[in-house]
Amino acid sequence: MKNPVKESYAFQKIIVIVGCILFLVKLSAWYLTKSVSILTDTLESTINILAGLFSLYSLFISSKPKDRDHPYGHGKIEFISAGVEGGLITIAGFIIIFESIKNLFISHSISKLDYGIVLVTASGFVNYILGVIAIQKGKKNKSLALVSGGEHLKSDTYSTIGLVIGLILIYFTHFFWLDSIIALFFGGIIIYTGIKIIRKSLAGIMDEADEDLIKELVQTLEKKRNDNWIDIHNVRFIKYGSSLHLDSHLTMPWYFNLKESDKELRSLEKIIKDNFGNRFEMFVHVDGCEDYSCQICQKKDCPVRKYPFKQKITWTIENIELNRNHSLENLNL
């Protein structure tokens with residue numbers, strides 16, 4: 001099985017190399033045309049390269065194994081990488097807007113626009129293909145750095161489409177002032193993309209709950225649960241790049257010995273790893289059941305049952321996050 005971090009690192013190297021080539025293509029397009037909107041696209045390519053290099057470094061660091069100084073690994077650097085990339089994108093957007101406003105009041109001519117259109121269109125197509133693959137690989141390998149880079153490349157493509165439409169319009173109308181208007185518009189789009197990426201990186205750094213991931217886990221455990229698992233609660237996730245640390249409490253019959261409890265924990269761990277891979281690190285605290293647990297316990301061969309079973313509690317995001325054993329009363333059923 002391929003190491004997901006190493007696979008992401010290898011693809012990020014391709015992104016950086018292609019980014020350098022596309023920068024030269026766009027630079028040539030600007031040199032030929034002297035178009036300020038093409039210049040803004042070229043300027044963003046420099047940001048792409050810088051951000052790509054930082055992402056490459058972050059993926060290299062996150063691939064390192066756990067050590068004494070970093071007992072949970074080095075994956076958090078991917079959130080920092082995404083934040084830096086988002087910051088650079090946002091700065092580029094503001095620079096583009098500044099240059100656009102300045103050029104609205106300065107007359108300038110544009111030449112060889114047809115060559116510029118061809119070069120910019122080609123670079124946009126390549127960016128889109130790279131972006132799609134980067135997002136797919138990033139989601140597969142749970143790499144925020146790669147997903148953020150892919151989203152950036154795709155946003156480049158969308159802005160390139162608008163840029164090309166604008167350049168074609170200028171080519172046929174000779175309204176050269178449209179050049180600055182187009183650059184101004186896409187500067188705003190670039191800022192919006194950068195802020196979105198910053199927001200996502202801050203969510204990871206601050207250990208914000210990933211509702212989609214928790215929902216997926218709940219659905220898996222609900223489907224695979226057995227009668228010895230009376231309830232699961234106080235579920236918490238912490239992300240470290242592509243790795244996930246899971247804390248939870250699992251309620252089991254109070255009379256289970258260590259061997260029986262360990263067997264159930266191994267069964268739980270196997271279900272999680274079968275469905276989510278080895279990126280999970282799991283710490284589960286075992287709670288013994290209480291008298292009130294009988295009403296929701298489905299274990300048919302319990303030798304110490306005090307009260308009859310009344311109702312099954314379906315595990316949901318809301319009740320597995322509670323820091324208490326489940327009961328009919330505290331879940332308002």
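## Exercises on a predicted helical model

From the N terminus on, the elements of the protein chain run α-α-α-α-α-α-α-β-β-α-β-α. This is a predicted model, in which local features need pLDDT of at least 70, side-chain atom pairs count only at pLDDT 80 or more, and totals for chains, interfaces and linings use all residues. Residues are numbered from 1 along each chain as its sequence is written, and side-chain values use heavy atoms, with hydrogens and water left out.

### Exercise 1. Overall make-up

Task: State how many helices and strands the protein chain has, and what percentage of its residues count as buried.

Solution. Step 1: the protein chain holds nine helices and three strands. Helices (H or I, at least four residues) and strands (E, at least two) are DSSP runs, numbered from the N terminus. Step 2: 47% of the 333 residues of the protein chain count as buried. Buried means under 20% relative accessible area, exposed over 50%, and partly exposed in between (1.4 Å probe, protein chains only).

### Exercise 2. Salt bridges

Task: State how many salt bridges a search of the whole structure finds, and work out which residues are joined into one network.

Solution. Step 1: the search finds five salt bridges in the whole structure. A salt bridge is a side-chain nitrogen of Lys or Arg within 4 Å of a carboxyl oxygen of Asp or Glu.

Step 1: one of them pairs Arg 225 with Glu 222, with the closest N and O atoms 2.9 Å apart. Both Arg 225 and Glu 222 are buried, Glu 222 at a relative accessible area of 16%.

Step 2: Glu 222 also forms a salt bridge with Lys 312, where the closest N and O atoms are 3.2 Å apart. Glu 222 lies in helix H7 (residues 211-224) and Lys 312 in the loop between strand S3 (280-288) and helix H9 (317-320), so this pair ties together parts 90 residues apart in sequence. Lys 312 is partly exposed, with a relative accessible area of 37%.

Step 3: Arg 266 and Asp 262 form a salt bridge with closest N and O atoms 2.8 Å apart. They are separated by about one helical turn, because they are four residues apart in helix H8. Arg 266 is exposed at a relative accessible area of 55%, whereas Asp 262 counts as partly exposed at 34%.

Step 4: salt bridges that share partners join Glu 222, Arg 225 and Lys 312 into one network.

### Exercise 3. A nonpolar surface patch

Task: Name the residues of the nonpolar patch on the surface and the helix that gives the largest share.

Solution. Step 1: the patch is formed by Phe 125, Val 126, Tyr 128, Ile 129, Ile 133, Tyr 158, Ile 161 and Ile 165, with about 730 Å² of accessible area together. Helix H4 (113-141) and helix H5 (144-173) are the elements that give two or more residues to the nonpolar patch. Patches are made of residues with over 30% relative accessible area and no salt bridge; like charges are joined within 9 Å, nonpolar side chains (Val, Leu, Ile, Met, Phe, Trp, Tyr) within 5 Å. Accessible areas come from the Shrake-Rupley method with a 1.4 Å probe, and for residues only the protein chains shown count as cover.

Step 1: H4 gives the largest share, five residues. Ile 165 lies in helix H5 and is exposed, with a relative accessible area of 55%.

### Exercise 4. Positive phi

Task: State where Lys 34 and His 174 lie.

Solution. Step 1: Lys 34 lies in the loop between helix H1 (4-33) and helix H2 (36-62). Though not a glycine, Lys 34 has a positive phi of about 60°. Step 2: His 174 lies in the loop between H5 and helix H6 (178-205), and has a positive phi of about 65° although it is not a glycine.
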